[in-house]
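Work through the exercises below with the structure in view. Try each task before reading its solution.

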Amino acid sequence: MRDITVFSGTAHPELAEEICAHLGTSLHPVSVKRFANDVLEVQLQANCRERDVYLIQPLVPPVQEHLVELLLMLDAARGASAARITVVLPHYAYARSDKKDAPRISIGARLVADLMVTAGASRVLTMTLHSPQVHGFFSVPVDHLHALRELAAHVRRYDLSNAVVVSPDLGNAKEAANFARMLGTGVAMGAKQRFSDDRVVISSVIGDVAGKDVIVLDDEIAKGTTMIELLDRLAERGVNSVRVACTHGLFSGGAIERLSARPEVEEIICTNTVPGHKTDGKLTVLSIAPALAEAMRRIHEGESVSALFSTS
């Protein structure tokens, strides 16, 4: 591809390499140095002048480190006279800080969006934001992809005649309904209350799940607190089997081990928006590199990206 320059931060270079392989272009090097006073310095080591520049950097742990690195890459590209700078943000960790649900609380999703735009972002390409309103926090164009097509293509390999898709809560119900429509199954959801980061109560499951092969869909699994609570409620209702599917598999604090230990869980499916996981045991990791590469190609060539949003 001509006049396109792709860089990756240190958050997930393997994904960046895979995206560039699909694009048929090179991943250009970035120098990241740390001074004695712990300050970072970033240098983009390829020509950016009048180029269409793409910076690939999911905000994954350590999130603050990778965020500052991204902001410095943006500033460097803008200072190097890039024609347009697109942030490719497979995982936006601050998307969970999307509302003022307590007194004197910060709304990190909006603040970090402002920081990226101020640093030089011309547009953002992201994957499965925690809630739709986060899209509106950016004052530049946002292409918001999802991983439903990749997840559905994988799940369709199984017998779905007795399957039902379950959302852990109302917030993910629309995505679960879209997923169920793609699979041709019914849909159900949990009635969830969150009291803290690690205390969740699901009082009931709304919908017919007894004796069913359940496919639980969520946007993100971190500690797995919600998922374990949901599995308890599903077990009480006598489900036949469970497959757990999500876009962002953070799996912190031993979450993958706790989920894998559940006998009713046949498979845990996630994508590679977050580094460090490989298909192993009950865990299956799907690649979203082809979808991101195709979106980048369409953005670069001025084509419609809306076909990639389709849930058909």
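**Exercise 1: the largest pocket**

Task: find which helices and strands each supply at least two residues of the lining of the largest pocket.

Solution. The elements are α2, β8 (142–145), α5 (173–183), β10 (186–196), β12 (213–221) and α6 (225–236). Helices (H or I, at least four residues) and strands (E, at least two) are DSSP runs, numbered from the N terminus. The model is predicted: local features need pLDDT of at least 70, side-chain atom pairs count only at pLDDT 80 or more, and totals for chains, interfaces and linings use all residues. Residues are numbered from 1 along each chain as its sequence is written, and side-chain values use heavy atoms, with hydrogens and water left out.

Next, take the volume: the largest pocket holds about 1,500 Å³ of space. It is lined by 48 residues, and Arg96, Asp98, His130, Ser131 and Asp219 are the closest to its centre. On a 1 Å grid over the protein atoms alone, a pocket is an open set of points with protein on both sides within 12 Å along at least five of seven lines, a cavity is a set where a 1.4 Å probe fits but cannot get out, and lining residues have an atom within 4 Å of a point.

**Exercise 2: the largest cavity**

Task: state which residues line the largest cavity, and which element gives the largest share.

Solution. The lining consists of Thr128, His146, Ala147, Leu148, Asn172, Glu175, Leu217, Asp218, Asp219 and Thr247. The largest share, three residues, comes from β12. The space inside is about 60 Å³.

**Exercise 3: His66**

Task: decide whether His66 is buried or exposed, and list its contacts.

Solution. First, locate the residue: His66 lies in helix α2 (residues 63–79). Second, apply the cut-offs: buried means under 20% relative accessible area, exposed over 50%, and partly exposed in between (1.4 Å probe, protein chains only). His66 counts as buried because its relative accessibility is 7%. Third, list the contacts (heavy atoms within 4.5 Å). Apart from neighbours within four places in sequence, His66 touches Thr10, Ala11, Gln57, Pro58, Leu59, Val60 and Pro61.

**Exercise 4: residues 5–120**

Task: give the helix and strand content of residues 5–120.

Solution. This stretch is 34% helix and 23% strand. Its end C-alpha atoms are 16 Å apart. In an unreviewed entry, UniProt places "domain: Ribose-phosphate pyrophosphokinase N-terminal" at these residues.

Technical notes:
UniProt positions renumbered as here; feature names shortened; annotations may be inferred. Points joined across faces, edges and corners; volume = space filled by probe spheres on them.
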